[in-house]
Amino acid sequence: MGGYGDIQCIDENGIRLDGRTAEQMREVEIECGVIPVADGSARVKWGKNEVIAAVYGPMEAHPRKIQRQDRAILDVRYNMAPFSTTDRIRPGFNRRSREISKVTADALESVVDLELYPRSKIRVEIEIICAEAGTRCAGITAASMALADAGIPMSDMVVSVASGKVHDIVVCDLNKEEDNYGEADLPMGILPMTGELVFLQMDGDLNMEQFQQAWDYNMESAKEVHAIMVEALKRRYGGDE
Amino acid sequence: MAIPIVPTLLRESLAALATEDSRIDGRGRFEGRDIEIEVNCLANAEGSCRVRMGDTIVLVGVKFQIMTPYPDRPTQGGLMTSAEVRPVCGPDWEPGPPSAESIELGRVVDRGIRESGCLNMDDLCILPGEKAWQVIVDLFAISDDGNLFDAFALAAIAALSTAIVPAERFDVGEDYPLPLSSTPMMTSYHKVGGRFVYDANKREELGGDERIHITLGDEGHVHSLQKGLRGVFTAAEFTEIMDQAQIRCVELRDIVGKLE
């Protein structure tokens, strides 16, 4: 969005720069238990994105003023490693990462059974190791996998996916060029069991028809990613369902 | 870093193990953990390496920027090493500006590379007085089960040895491999149960005392030393670990030499 320059992101046959068709998503690989010292962890490779998430806790929340008497709090941090992008990122929190941390916490708090752990804190750390557009979605997905890996009770996992618009064509799962030069981006956080939403953002320009198409793409990709998540948990813990 | 509670029981059991010349995970005194090393693992870095030593995992990414040379060294580029030990890598690490511990990590690794002279700063010149390369080595911990120092140092030199200078992207010529003339290696020794051991894990660090880091060059020359944490040591103890370091550094250099 707001990108300058003239890049042809989709050719006349409807093929995108990375060889996908409009409704295809990038390849997703998920693995749990990648950080031996963490209580729960996951790595999500999503196209060229690589995200790791760790969960520590539940643990005592301090200072006392941040405690909630009736439930636990989720302390979520989203951060991009300095070498994760083409131009090095200066270490430290910025406004973008702070906002993403907050909306991620809001999404995850909607599914975690926080009332089980009054006055405590669960730390969720999301680190973007390699970035190629769609890191917040990969981050939320990785975080919910790490929570599951840590054995934290949840009503459902959160699958986060995005669709958008490039050259007036709605496409599923934007890549870097499409994110830079496209006209809209619609990331959503979906509960795969019920189809409910816990995370929603959008920027750009979509008419109602395009909006519905992007929404439908997201619902479809969420199913695909959910199957991969379930597979990853089964690989680590066994069991059929 | 949160100040960890040191259980007296842990200290006592480490001391008891030491009297039997054994270690908490059954290793010999100067035996390192198994090392896994992978280079070119980060698509957006110009050089990268992932090292796993036991349950300690680190990533190092090398990035390049164009800088204006310092007026007193118009033909030289720069090297910057920065360690980010983010709370993702363990329960004791806290968010916020870099802690003293992570600054020490970055600076000790930096000194080993810089003082060995493996990177000739004159090689980084693009246009004297105007443009030179700044090499940035970012150390990033994924899982801290002790001895981040050695894991970072090993990953840093391996990442540098595979780095490609991105001249085309900055419009200053063709890409070329970063020239490195030698391979400095760091080994670290922790005082655990009253004697020094090599490659301490987190529990040994927690229940141990001081640590000593030694970086040696290709010819066995000493390029950097650092003593950290509370504790005293004798000349005889130092001689012993220096002899061990000479042996271990050759083995480690062999591992890096076999990459690519």
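Val192(B) has Arg195(B) as its bridge partner in strand 10 of chain B. Strand 9 (residues 185-192) of chain B pairs with strand 10 of chain B in the antiparallel sense, over four bridges. Two strands count as paired if DSSP finds at least two bridges between them. The model is predicted: local features need pLDDT of at least 70, side-chain atom pairs count only at pLDDT 80 or more, and totals for chains, interfaces and linings use all residues. Residues are numbered from 1 along each chain as its sequence is written, while chains are lettered from A and ligands numbered from 1 in the order in which they are written.

**Sheet in chain B**

- Four strands of chain B form an open sheet in the order 10-9-11-12, with antiparallel pairing. Strands (E, at least two residues) and helices (H or I, at least four) are DSSP runs, numbered from the N terminus.
- Strand 10 (195-198) and strand 12 (222-228) of chain B are at the edges; each has a single partner strand, so one side of each lacks a neighbour in the sheet.
- From one strand to the next, the twist averages 20 degrees.

**Helices on the sheet**

- Helix 2 (residues 100-116) of chain B packs on the sheet and touches strand 9, strand 11 (211-216) and strand 12 of chain B. Its direction makes about 165 degrees with that of strand 12 of chain B. Angles run from 0 to 180 degrees between N-to-C directions, and axes are lines fitted to C-alpha atoms, for helices over the stretch in contact.
- Helix 5 (residues 235-257) of chain B lies across strand 9, strand 10 and strand 11 of chain B. It runs at about 140 degrees to strand 9 of chain B.

**Helix pair in chain A**

- The axes of helix 1 (residues 95-109) and helix 2 (residues 135-149) of chain A come within 11 Å and cross at roughly 45 degrees.
- These two helices of chain A are therefore oblique to each other (under 35 degrees is roughly parallel, over 145 roughly antiparallel, 65 to 115 roughly perpendicular, the rest oblique).
- Ile100(A), Thr104(A), Ala107(A) and Leu108(A) of helix 1 meet residues of helix 2 of chain A, including Arg136(A), Gly139(A) and Leu147(A).

**Interface of chains A and B**

- 25 residues of chain B contact 23 residues of chain A (C-beta atoms, placed from the backbone, within 7 Å).
- On the chain B side, strand 3 (56-67), strand 4 (78-84) and strand 6 (131-143) each give two or more residues.
- Strand 6 of chain B supplies the largest share of that side, five residues.

How values were computed:
Two residues are in contact if their C-beta atoms, placed from the backbone, lie within 7 Å.
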